[in-house]
Amino acid sequence: MLTNGAPTPQGNTAKSDAAFRDVFTSDTNYKLASSSISFYKSIQEGGFNLGMHFNGYLFLMDERNLKSMAVQSLLKRVKSKVISREEISELGIKTDTDPEAAKIMGLKNIDGGFVGENCGIMEPDLLASYYVRELENMGGVEFRYNTNVTRLNLSPRTKLNFPGEPFIWQDKIIESIETKSSELFADHFLLATDVWTSDLTSPLGIDPFTQPKKVQVFQVQSNGIVEMMKKKVTGEEDIFPFTILPGPSIDLRPDPKSRTFWVSYSEGIGRGFSLEENPMAEADYYSNNLYPVLREYIPAFEDARIMSSWAGYYSMNNMDGTYVLERNMNLSVVTGSSGSGIMKADAAGRLASSLYSGKEKAKLYGGAEIRVADLGITTRRVDQETLII
Ligand SMILES: Cc1cc2nc3c(=O)[nH]c(=O)nc-3n(C[C@H](O)[C@H](O)[C@H](O)COP(=O)(O)OP(=O)(O)OC[C@H]3O[C@@H](n4cnc5c(N)ncnc54)[C@H](O)[C@@H]3O)c2cc1C
């Protein structure tokens, strides 16, 4: 089943930064992201514009992190380079922070920058349009937008027609799903319902092992930011890199069209797991949490103003920060993208297809393979990701 668009303002794809990177420490994440990036690149080069720009990811770091094993092995694995303090200063970023502010807010000095070059930004609505077009061309697919699934109906595989079925000793399946106005039957159901998955599976006793974490985005502009937008560290276009501060690791997503930064931060302790129907960015969050840090590192934020703001959810798998794929009966579930789902979406789709067809391995674009069971819950075998932004 393909779900798309409940009546409430859901859908984290449209709310995301839609940035992509192959810079991951976990081998699984690397395969998922790098194969998806290659696929998207091939689509764009084939003439379907996905709004992809290879403007790079810039991780600003102190000397300890720059020299870490993780960075040294990433330099060998992915197309990347290190840039100097001088090059960072030229971008409009202060490399030495005020000692008093650094003490209070845990800021770090910047000794260099790790630049992932096979990384950048894209437009998620264009990516979604591409898959819709392909599915329409394949035929046999019906889209039902604005249709909320309210319930999965559990039934015995062989019905006895006694009240209270299914009993504990009966073999069970999902017979149908319910919407407000209809009941839909299928041999197999696939939930790609992101942070809303447990709303549907919990009543059945199926735990997707993911939690929703709210993330806010503030679109910010000043004359200084407009000037910064013209600078670059990699790629052919003059577009500022997607930038991650060294601590707190606030990220800045350039939006070349509006010449603004989208600022966000993925909180750990202090931000509970919760799910609101229509999440909003919190007015004080920018001024009390983000702004004091931003202005210390980047003077162009001093007089910047918020143009707009929004909020969405990461579907957090807190075990290892990547997808969860699980099949129970005739129900397959794909969730837990943990804040990096668009950049891995093509691979996730190929894994979902293998999960549904009962294949042992999924073949990703470019030929790499992943064992489907490695992303399962009880059969899981994923190395820990240390670069969750
Ligand atoms: C602020 C923010 C920034 C992000 N930045 C990035 C980034 O830079 N790069 C990146 O790769 N990822 C990023 N992400 C993560 C990315 O957005 C998600 O991983 C991705 O959008 C998940 O896609 P999805 O299709 O699984 O879920 P969604 O896009 O959330 O879609 C799920 C769909 O299921 C529907 N649905 C749910 N329940 C039901 C129901 N009961 N009945 C019918 N339909 C239902 C919803 O309406 C929705 O349309 C970010 C996320 C946020 C919130």
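A polar contact is taken here as a pair of N or O atoms within 3.5 Å; within protein, one of the two must be able to donate a hydrogen and the other to accept it, and residues adjacent in sequence count only if both atoms are side-chain atoms. The model is predicted, so that local features need pLDDT of at least 70 and side-chain atom pairs count only at pLDDT 80 or more, whereas totals for chains, interfaces and linings use all residues. Residues are numbered from 1 along each chain as its sequence is written, and side-chain values use heavy atoms, with hydrogens and water left out.

An oxygen atom of the ligand lies 2.8 Å from a polar backbone atom of isoleucine 342, while ligand nitrogen atoms are found 2.8 Å from a polar backbone atom of valine 149 and 3.4 Å from one of glycine 339. The protein buries 91% of the 1000 Å² that the ligand exposes when taken alone, the areas being computed by the Shrake-Rupley method with a 1.4 Å probe. The shell around the ligand comprises 13 nonpolar, 15 polar and three charged residues, where Ala, Val, Leu, Ile, Met, Phe, Trp, Tyr, Cys and Pro count as nonpolar, Asp, Glu, Lys and Arg as charged, and the others, Gly among them, as polar.

Helix α1 (residues 27-45), one of the DSSP runs (H or I, at least four residues, for helices), has 19 residues.

Definitions and conventions. Helix = DSSP H or I, 4+ residues; strand = E, 2+ residues; numbered from the N terminus. Expected span 1.5 Å × (residues − 1).
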